[in-house]
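Q: I have a model open and want to learn how to read it. Where do I start?

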Amino acid sequence: FRGQDQHWVLFEFLGDDSEIKFDIIPECIEFKAFKWDNIEEAPKEIIYFKKDVYKKVAEYFKPFIEQKNE
């Protein structure tokens, strides 16, 4: 959206799924669930008006993920 700055970061999560909690601050919940998937699949899950930016982010991060998986 106009006027927003977005910063994308890539993290490697080494914990257990049970450690991921969305209800720590109930009034600030933006996410209610998650799933692990290939980076190429992320844009398919996103609302239409954000798909292009998610495609660009996925393309940018993909080499880093592939390098880590070698």
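**Reading the fold**

A: Start with secondary structure. This predicted model has 1 helix and 0 strands in the protein.

Q: What does the radius of gyration show here?
A: Set the value beside the one for a compact globule. For 70 residues that would be near 11 Å, but the protein has 14 Å. The C-alpha trace spans about 35 × 35 × 20 Å along its principal axes.

Q: How many of the 70 residues are buried?
A: Buried means under 20% relative accessible area. Here 7% of the residues qualify. The protein exposes about 6,900 Å², and carbon and sulfur atoms supply 53% of that area.

Q: Which part of the contacts comes from residues 24 or more positions apart?
A: Count contacts with a separation of 6 or more. Of those in the protein, 35% join residues 24 or more positions apart.

Q: How many positive and negative side chains are there?
A: The protein has 11 positive and 16 negative ones. The centres of the two sets lie 7 Å apart.

Q: How many aromatic pairs does a search of the whole structure find?
A: It finds 7. Tyr48 and Phe49 form an edge-to-face pair, 5.4 Å centre to centre, with 85° between the planes. Tyr48 is exposed at 66% relative accessibility, and Phe49 is partly exposed at 43%.

Q: Which residues form one aromatic cluster?
A: Phe13, Phe22, Phe34 and Trp36 do.

Key
Residues numbered from 1 in each chain as written. Predicted model: local features only at pLDDT ≥ 70, side-chain atom pairs only at ≥ 80, totals over all residues. Heavy atoms only, no water. Helix = DSSP H or I, 4+ residues; strand = E, 2+ residues; numbered from the N terminus. Rg over C-alpha atoms; globule rule 2.2 N^0.38 Å. Buried < 20%, exposed > 50% of the residue type's maximum accessible area, 1.4 Å probe, protein only. Contact = heavy atoms within 4.5 Å. Areas by Shrake-Rupley, 256 points an atom, 1.4 Å probe, with all protein chains shown as cover. Lys, Arg positive; Asp, Glu negative; His and termini not counted. Charge placed at Lys NZ, Arg CZ, Asp CG, Glu CD. Phe/Tyr/Trp six-rings, centres within 6.5 Å; stacked < 30°, edge-to-face > 60°.
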